[in-house]
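Take a look at the chain below.

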Amino acid sequence: MVMVALVNGIMIFIALDTWTGLETEGHYRKGLIYNENLAADEAQAQRGWRLNLASDVVRVSGDSRTVELRAQFSDSHGSSLDGLDVNALIVRPTHEGYDFETSMKALGNGAYGATIELPLAGQWDVRIHALRGDEAFQEVLRVQVR
């Protein structure tokens, strides 16, 4: 019996020591609005907006990188989309505590940009939110920062 308790104690210690702390926040609320999310996704697809996201490292200082994000929006006919309110949520998919949000400034001709400071190199998820009146657009893209 002592051996079973000892092995269980070791397994509990290892489990708690290696847990990254990542979990879905607001999982119950997200489950309740699932159908609303499906309807919003369908409306976004019918609208036909397109996003092209580019990221360029402009400065490296130790582990951190200064990165310029540029989002180019167009409609279903290829015309530039201006007059959007654009925000970017930057998420480190493997570590908690590094996520932040920034607004992107209009650069003209459907382009929006922001200069951000990333504390680590590697993969980042960029969730772009764009609003124009009642029309909303959302897309998540993964960027690799070296």
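## Patches on the surface

A nonpolar patch joins nonpolar side chains within 5 Å of each other, drawn from residues that have over 30% relative accessible area and no salt bridge. Keep in mind that this is a predicted model. Here, Met3, Leu6, Val7, Ile10, Met11, Phe13 and Ile14 make such a patch, and it covers about 720 Å². Phe13 sits in helix α1. Is Phe13 buried or exposed? Its relative accessible area is 57%, so Phe13 is exposed.

Charge gathers on the surface too. Glu23, Glu25, Glu96 and Asp99 form a patch of negative charge there. Glu23 belongs to the loop between α1 (2-18) and α2 (27-32). Glu23 counts as exposed because its relative accessibility is 58%.

## Salt bridges

Side chains of opposite charge can pair when their charged atoms come close. How many salt bridges does a search of the whole structure find? The search finds four.

One of them joins Arg47 and Glu135, with the closest N and O atoms 3.8 Å apart. This pair links distant parts of the chain. Glu135 has a relative accessible area of 29%, so it is partly exposed. Arg132 is partly exposed as well, with 30%.

Another salt bridge pairs Glu117 with Arg59. Their closest N and O atoms are 3.9 Å apart. Glu117 lies in strand β5 and Arg59 in strand β1 (residues 50-61), so this pair ties together parts that are 58 residues apart in sequence. Glu117 is partly exposed, at 38% relative accessible area. Arg59 counts as partly exposed too, at 47%.

## Buried residues

Gln44 lies in helix α3 (residues 34-47). Why does Gln44 count as buried? Its relative accessibility is 16%, and buried means under 20%. What does the side chain of Gln44 reach? It reaches the backbone nitrogen of Gln138, at 2.9 Å.

Val67 is part of strand β2 (residues 64-74). With a relative accessible area of 2%, Val67 is buried. Now follow the chain from Val67 to Ser80. These two residues are 13 residues apart along the chain, and 24 Å separates their C-alpha atoms.

## A positive phi

Most residues other than glycine have a negative phi. Asn109 has a positive value instead, near 55°. Where is Asn109 found? It is in the loop between β4 (100-108) and β5 (111-118). Asn109 counts as exposed, because its relative accessibility is 60%.

## The start of the chain

Met1 is in the segment before α1. At 83% relative accessibility, Met1 counts as exposed. How far apart in space are Met1 and Ile128? From C-alpha to C-alpha they are 55 Å apart, and in sequence they are 127 residues apart.

Key. Residues numbered from 1 in each chain as written. Predicted model: local features only at pLDDT ≥ 70, side-chain atom pairs only at ≥ 80, totals over all residues. Heavy atoms only, no water. Patch = residues over 30% accessible without salt bridge, like charges linked within 9 Å, V, L, I, M, F, W, Y side chains within 5 Å. Areas by Shrake-Rupley, 256 points an atom, 1.4 Å probe, with all protein chains shown as cover. Salt bridge = Lys/Arg side-chain N within 4 Å of Asp/Glu carboxyl O. Lys, Arg positive; Asp, Glu negative; His and termini not counted. Charge placed at Lys NZ, Arg CZ, Asp CG, Glu CD. Helix = DSSP H or I, 4+ residues; strand = E, 2+ residues; numbered from the N terminus. Buried < 20%, exposed > 50% of the residue type's maximum accessible area, 1.4 Å probe, protein only. Polar contact = N/O pair within 3.5 Å; in protein donor to acceptor, adjacent residues only side chain to side chain.
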